[in-house]
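Hi,

Here is the structure I promised to pass on.

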Amino acid sequence: MDTFSPLNRRHVLAGAAGMVISVALRPAHAAAGDLTVAMAAYTKGATVRTGKVKLDVAELVDNGNVVPITVTVDSPMTAADHVKTIAVFNEKNPQRDVARFTLGPRAGKADVTMRIRLATSQQLVAIAQMSDGSYWSHTVDVIVTLAACIEGDY
């Protein structure tokens, strides 16, 4: 049987057509306005005030592959007054929602630390939801000299 028999040609053409379709249907990169949309989805449209939250991250990052960040929230962490959730968002990575943490009064203190990847220079936003339903935030502009996780133009 010939290597390029009609049956094999059909399979090759079908595979090529499938690849073209999968590339065409690939999700588009999120636009900068999607940061606002992601934050609004988290807060369910509630007003977000500045304060109580501190996002600790270097404002100049040499390597976007490993960026340490810490989020702390000023709260007594009592049954009556505590942090319920902490969320971190970014402006230009393929996914806007970086992380979400659920806390309670038994956590002792509202302090989370992690390492993230940053595609390029961008804004990071940390938002905390308090037990009274209020939302508080802190925003930091980060400059990245060596970008990570780049899938397209940013």
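To start with a local detail, a polar atom of the Asn-63 side chain sits 2.9 Å from the backbone nitrogen of Asn-65. That makes a polar contact (N or O atoms within 3.5 Å, where within protein one must be able to donate a hydrogen and the other to accept it, and residues adjacent in sequence count only if both atoms are side-chain atoms).

Before I go on: this is a predicted model, in which local features need pLDDT of at least 70 and side-chain atom pairs count only at pLDDT 80 or more, while totals for chains, interfaces and linings use all residues. Residues are numbered from 1 along each chain as its sequence is written, and side-chain values use heavy atoms, with hydrogens and water left out.

Back to Asn-63: it belongs to strand β3 (residues 60-63). Helices (H or I, at least four residues) and strands (E, at least two) are DSSP runs, numbered from the N terminus. Asn-63 counts as partly exposed because its relative accessibility is 33%; buried means under 20% relative accessible area, exposed over 50%, and partly exposed in between (1.4 Å probe, protein chains only).

Four bridges join β2 to β4 (residues 67-73), and Asp-56 stands opposite Thr-70 in β4.

Two lysines have a positive phi without being glycines. Lys-44, at about 55°, is in the loop between α2 (34-43) and β1 (48-50) and counts as exposed because its relative accessibility is 72%. Lys-52, at about 65°, is in the loop between β1 and β2 and is partly exposed at 37%.

Finally, the rings. The whole structure holds two aromatic pairs (Phe, Tyr or Trp rings, six-membered ring for Trp, with centres within 6.5 Å; planes under 30 degrees apart are stacked, over 60 edge-to-face, the rest tilted). One of them is Tyr-42 with Tyr-135, edge-to-face at 5.8 Å centre to centre and 75° between the planes. Tyr-42 is in helix α2 and Tyr-135 in strand β9 (residues 135-146), so this pair ties together parts 93 residues apart in sequence.

Cheers

Conventions. Pairing = 2+ DSSP bridges.
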